[in-house]
Every structure is written in C-alpha cells, then in structure tokens.
Number of protein chains: 2
Amino acid sequence: MNTQFKKGVLELIVLLSVSKHDMYGYELIMEVSKVVDVNDGTIYPLLKRLTNERYFDTYLVESTEGPPRKYYKITELGIKQMHELLKSWELFSESVNKFIKECKVND
Amino acid sequence: MNTQFKKGVLELIVLLSVSKHDMYGYELIMEVSKVVDVNDGTIYPLLKRLTNERYFDTYLVESTEGPPRKYYKITELGIKQMHELLKSWELFSESVNKFIKECKVND
DNA sequence: CCCACTACTTGGTATTGTCAAGTACTAAAA
DNA sequence: TTTTAGTACTTGACAATACCAAGTAGTGGG
C-alpha cells in the first residue's frame with residue numbers, strides 16, 4: 001500500500017474509531033488494519049501524540065490475557081478535531097477526485 | 001489545507017496534468033493550485049525527482065515573456081506509473097470513505 | 001519451563017512537503 | 001532609463017509522519 005497516502009489520514013481513522021467506543025492500542029491496530037495496512041510502531045506513537053494534544057484521556061484496565069491494557073477515551077477537544085479533520089478530508093478527496101474525473105473525460 | 005493529505009497525491013496530480021499535454025513548471029503550478037494549495041518550492045523538486053525516475057523527458061523552449069521554459073513530457077514509464085498511482089489512490093480513498101460512512105451510520 | 005499471544009515502548013530511518021532566499025530574464029510603467 | 005511586475009527556476013534547512021527492528025513484559029497452555 002502507498003505509504004504516502006496514509007499521511008494524516010491515520011489520525012482521522014484513529015479519532016473516528018475511538019469516538020465510537022473506548023479502545024486500547026492493540027485493539028485499535030486490529031480495527032485500523034481493516035481499513036489500511038499499518039504496523040504497531042506507527043499506531044502507538046500516534047496515540048501518544050494525540051494524548052499529549054489532549055484529544056484522548058487514558059486509563060488502565062487489568063487483563064486476563066496479558067499485561068494491563070491502556071484504554072483511550074476521546075475528549076471534547078478530540079471530537080472537535082475529528083470533525084475538522086473529517087471536513088478537511090472530504091473537501092480534499094472530493095477535489096482530487098473531481099480533477100481525476102476531468103482528466104478522464106478529456107482523454 | 002492539511003499538508004499531510006497531499007503526500008503522494010501531488011505526484012498523481014502532476015502526472016495526470018502532464019499526461020494531458022506537455023507543460024512547463026510555472027504553468028503546472030497554476031494548474032495544480034486549482035486543485036490543492038501548493039507552493040513552487042514543492043513542485044520544482046518533485047519535477048526533478050520524476051524526471052530522474054524517467055517518468056518525464058524535458059526540453060527547453062524560448063519565451064517572449066521571461067526566461068526559457070523547461071517543458072516536461074510524460075514517458076511510457078510515466079504513464080504506467082500514473083495508472084498504478086491512480087488505481088492505488090482510488091482503492092485507498094474508497095476504503096477510507098467506506099470506513100467513515102460506517103462510523104456515521106453507527107452514531 | 002518454554003512458547004505463543006497479548007500489549008506497549010523506543011530509536012533510527014525514509015519520504016515528502018514547506019519556507020525562505022536567491023538568480024535571472026522580459027516588458028511596461030514612471 | 002530606472003523601476004516594477006510578472007515569469008521561471010534552484011537550493012538548502014526544516015517539519016511532519018510513517019516504517020522497521022528490537023526490546024520489555026505479562027498470561028496461559030503444552
């Protein structure tokens with residue numbers, strides 16, 4: 001998969017996922033992988049950044065299947081950012097697709 | 001505009017533009033700006049890279065409106081790359097949009 | 001007891017876009 | 001004729017984000 005296309009979009013996908021319900025890192029990787037190829041070394045630092053930027057709060061929960069899980073919960077600020085990114089993505093992808101369409105017409 | 005979204009897509013837009021007809025750098029900047037915000041310091045190095053990768057050939061043409069213009073012409077290899085990038089973009093943007101749609105349904 | 005799976009961290013690297021500054025040429029206005 | 005606006009391109013330092021590899025550590029089953 002084209003690495004460059006993912007830039008910035010991963011943040012949106014992660015915000016959208018966590019906005020549905022609180023999630024822990026490993027769970028998120030499984031979820032996000034359904035949409036785009038991604039590896040763990042990308043998601044964990046992203047979660048850390050989004051937490052530092054106050055888009056997520058975190059809490060720990062014991063697990064019977066391994067080490068305790070760090071759950072991420074979206075904040076008000078995170079929801080705002082999600083909506084902004086969403087609008088920005090929709091504008092962007094629409095204008096790119098429109099351009100592609102025009103090129104195809106004039107073939 | 002979100003800088004990250006552009007990564008990789010600019011290459012596609014430039015390939016598509018030049019595939020329609022030969023273009024020089026400055027002309028291309030005007031064309032690409034209609035789709036996404038972009039500055040000259042981004043396009044010229046990109047053109048150089050695409051030329052190094054044999055996606056473009058170049059030739060100079062005198063101009064009455066300033067210094068000579070370096071025209072870019074797409075190669076066979078460039079057309080192949082364009083089609084691949086196009087398919088890749090369409091797959092990518094569709095799967096992202098599908099994910100967004102699913103999130104919206106479950107609100 | 002070791003292995004597979006879960007869960008997370010860290011550090012180095014690659015790619016690509018931005019910004020700022022600079023070179024240089026032409027034509028028209030002051 | 002000097003200045004200004006517009007055309008045309010180059011370069012180098014910088015920022016953001018994704019990848020990869022390696023490492024730490026807990027749990028339960030063979």
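**Exercise 1.** How many residues of the surface near DNA strand C are nonpolar, how many polar and how many charged?

*Solution.* This is a predicted model, in which local features need pLDDT of at least 70 and side-chain atom pairs count only at pLDDT 80 or more, while totals for chains, interfaces and linings use all residues. Residues are numbered from 1 along each chain as its sequence is written, and chains are lettered from A and ligands numbered from 1 in the order in which they are written.

Step 1. A residue is near a strand if its C-beta atom, placed from the backbone, lies within 6 Å of it. Around DNA strand C there are 29 residues, and A:Gly25, A:Tyr44, A:Gly66, B:Gly41 and B:Thr42 come nearest.

Step 2. Ala, Val, Leu, Ile, Met, Phe, Trp, Tyr, Cys and Pro count as nonpolar, Asp, Glu, Lys and Arg as charged, and the others, Gly among them, as polar. The surface near DNA strand C therefore divides into nine nonpolar, twelve polar and eight charged residues.

**Exercise 2.** State the class composition of the surface near DNA strand D.

*Solution.* Step 1. DNA strand D is surrounded by 30 residues, the closest being A:Gly41, A:Thr42, B:Gly25, B:Gly66 and B:Lys70.

Step 1. By class, this surface has nine nonpolar, twelve polar and nine charged residues.
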